[in-house]
Amino acid sequence: MLCDTIRPTGAVPPAAFHRTRDPPTAPTPQSAPIVSSMDDAHRAELGELLRERRASVEETLVVLTSDLEALAAARTDSTADDEHDPEGVTLSGEWSRLEGLRVQQERERTALDAAIARWDAGDYGVCKSCGRPIPVGRLRVRPMATLCVSCAERAGV
Ligand SMILES: [Zn+2]
């Protein structure tokens, strides 16, 4: 029976009730992929894009981490001399800047890992709110996007 998958959409706000995880039986005839609008070429292209971004984020994180370590060493040296050392202020400003970048890159890495996991599972590019395909053009710009344009706008993302 299909009564699990076909529900009247009338009064139910999809964002509140629609859960994409674990569809009960996933009655897909033939071997049709879930993302019917994305062809294999686009899927391959976006998978590559995800992995490239993942690699470059990883590289940036390595650089940032070693910069932060160098800065930590420099800061320890300079604050030992004079606590009013103007360079100490510059160093902590630089520290905040790099630390901010590092946090941002780690967030991006987490989002990319999640996107790669979805890609591997075959449900990449599906809006997690409304279940419709996310346009390829949007995914090229934001490959880790989990919402289609209209759901993202509604969510204020
Ligand atoms: Zn949507």
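1. Contacts by sequence separation. In this predicted model, 64% of the contacts with a separation of 6 or more are accounted for by residues 24 or more positions apart.

2. Secondary structure. The protein has 5 helices and 0 strands. Along the sequence the pattern reads α-α-α-α-α.

3. Burial. Of the 157 residues in the protein, 11% are buried. The points below concern residues from this part of the structure.

4. Main core. The largest nonpolar core has 7 residues: Val126, Cys127, Ile134, Leu139, Ala145, Cys148 and Cys151. Apart from this core there is a second, separate one of 5 residues, among them Leu50, Val57, Ala115 and Tyr124.

5. Leu139. Which residues does Leu139 contact, leaving aside its neighbours within four places in sequence? They are Leu46, Gly125, Ile134 and Ala145.

6. Ser129, position. Ser129 lies in a loop, with helix H3 (86-121) on one side and helix H4 (136-141) on the other.

7. The C-alpha atoms of Ser129 and Leu147 are 6.4 Å apart in space, while the two residues are 18 residues apart in sequence.

Notes
Residues are numbered from 1 along each chain as its sequence is written. This is a predicted model: local features need pLDDT of at least 70, side-chain atom pairs count only at pLDDT 80 or more; totals for chains, interfaces and linings use all residues. Helices (H or I, at least four residues) and strands (E, at least two) are DSSP runs, numbered from the N terminus. A residue is buried if 20 or more other C-beta atoms lie within 10 Å of its own, exposed if 12 or fewer, and partly exposed in between; C-beta atoms are placed from the backbone. Two residues are in contact if their C-beta atoms, placed from the backbone, lie within 7 Å. A nonpolar core is a set of buried Ala, Val, Leu, Ile, Met, Phe, Trp, Tyr and Cys residues joined through C-beta atoms within 7 Å.
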